[in-house]
Amino acid sequence: DVYKRQVHYILGANINSSILWDVEEILKEFHYRGRLIRSSQKIISDLKANDIIIWISSSGAAKYVKSSLDYGKSIGAKTIYLICNHKPFLSVKSDITIRVNTGPEVITGSTRMKAGTATKMVLNMISTSVMILLGRVKGNKMIDMQLSNKKLIKRGVEMLINEIGVDYDTAFSLLIKHGSVRNAVKKYNG
């Protein structure tokens, strides 16, 4: 079941808060909770074979990132290794390795600049693709978004009107009652 998959982000020491934005965005936009981990010890017992695990290290020198990646591979989790260095300090084996060679920072050691910006862009692409693969998107619409404001409720109502052909009031009632476009369509179609 695709809904039992979990996306875990494991951070190297110097990765900045731009990763937090990705975790928050997938929660709001896709109603999906990612896990942000700063220490491998917290994650080991929770990893499952169908999880998606993204290890992020600017230089590729974080040893706990490597050990967590090795463990994830050993249990069959899908592993992604994201580094902002053309050649990481530690060699690892992952399903996918993404090397973004951002070059030296303008201010030496300040990975919040080029490496942080590049990491954020790559994570946006990864999380969007993962949410599509997990079935959180239909066509180009987020069908599991959090209904946290009037704009998103209106968007959900319009999606229901187009999908199942009901009037505005019926679509609104279905959306509020069932909490998401997906659930409203599923309950309506029985």
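A crossing of two helices is left-handed if the near helix is turned anticlockwise from the far one by less than a right angle, and right-handed if clockwise. Keep that in mind for the helices at the end.

First, what we are looking at. This is a predicted model, where local features need pLDDT of at least 70, side-chain atom pairs count only at pLDDT 80 or more, and totals for chains, interfaces and linings use all residues. Residues are numbered from 1 along each chain as its sequence is written, and side-chain values use heavy atoms, with hydrogens and water left out.

Now the overview. The protein has 6 helices and 7 strands. Helices (H or I, at least four residues) and strands (E, at least two) are DSSP runs, numbered from the N terminus. Along the sequence the pattern reads β-α-β-β-α-β-β-α-β-β-α-α-α.

How much is buried? Of the 190 residues, 43% count as buried. Buried means under 20% relative accessible area, exposed means over 50%, and partly exposed is in between, with a 1.4 Å probe and protein chains only.

What about contacts along the chain? A contact means heavy atoms within 4.5 Å. Take contacts between residues at least 6 apart in sequence: 61% of them join residues at least 24 apart.

On to the strands. Start with β3, residues 52–57. This strand is mostly covered, with 6 of its 6 residues buried. I52, I54 and I56 point one way from β3. I53, W55 and S57 point the other way.

Which strands pair with β3? Two strands pair if DSSP finds at least two bridges between them. Strand β1, residues 7–11, pairs with β3 in the parallel sense over 5 bridges. There, H8 stands opposite I53. Strand β4 runs parallel to β3 as well, and 6 bridges join them. W55 has Y81 of β4 as its bridge partner. I56 stands opposite L82 in β4.

How does the chain get from β3 to β4? The path goes through helix α2, residues 63–75, and this β-α-β crossover is right-handed. Right-handed here means that, with the strands pointing away from the viewer, the path from the first strand over the helix to the second runs clockwise.

Stay with β4, residues 78–83. Of its 6 residues, 5 are buried. β4 pairs in the parallel sense with strand β5, residues 96–99, over 4 bridges. I83 has R99 of β5 as its bridge partner.

Look next at N85, in the loop between β4 and β5. Is N85 buried or exposed? N85 counts as buried because its relative accessibility is 15%. What does N85 touch? Not counting residues up to four places away in sequence, N85 touches S58, S59, R99 and V100.

Now the helices. Helix α4 covers residues 150–164 and helix α5 covers residues 168–178. They pack at an angle of about 115°, with their axes 9 Å apart. Axes are lines fitted to C-alpha atoms, for helices over the stretch in contact, and angles run from 0 to 180 degrees between N-to-C directions. The crossing of α4 and α5 is right-handed. From α4 the contact uses I153, G156, V157, L160, I161 and I164. From α5 it uses Y168, A171, F172, L174, L175 and I176. By class, these residues are 11 nonpolar, 1 polar and no charged. Ala, Val, Leu, Ile, Met, Phe, Trp, Tyr, Cys and Pro count as nonpolar, Asp, Glu, Lys and Arg as charged, and the others, Gly among them, as polar.

Take F172, in helix α5. F172 is partly exposed, at 34% relative accessible area. Leaving aside neighbours within four places in sequence, F172 is in contact with I153 and V157.

D167 sits in the loop between α4 and α5. With a relative accessible area of 47%, D167 is partly exposed. The C-alpha atoms of D167 and V157 are separated by 9.2 Å.

Last, α4 with helix α6, residues 181–189. Their axes come within 10 Å and cross at roughly 35°. This crossing is right-handed. From α4 the contact takes G156, M159, L160, E163 and I164. From α6 it takes V181, A184, V185, Y188 and N189. By class that gives 7 nonpolar, 2 polar and 1 charged residues.
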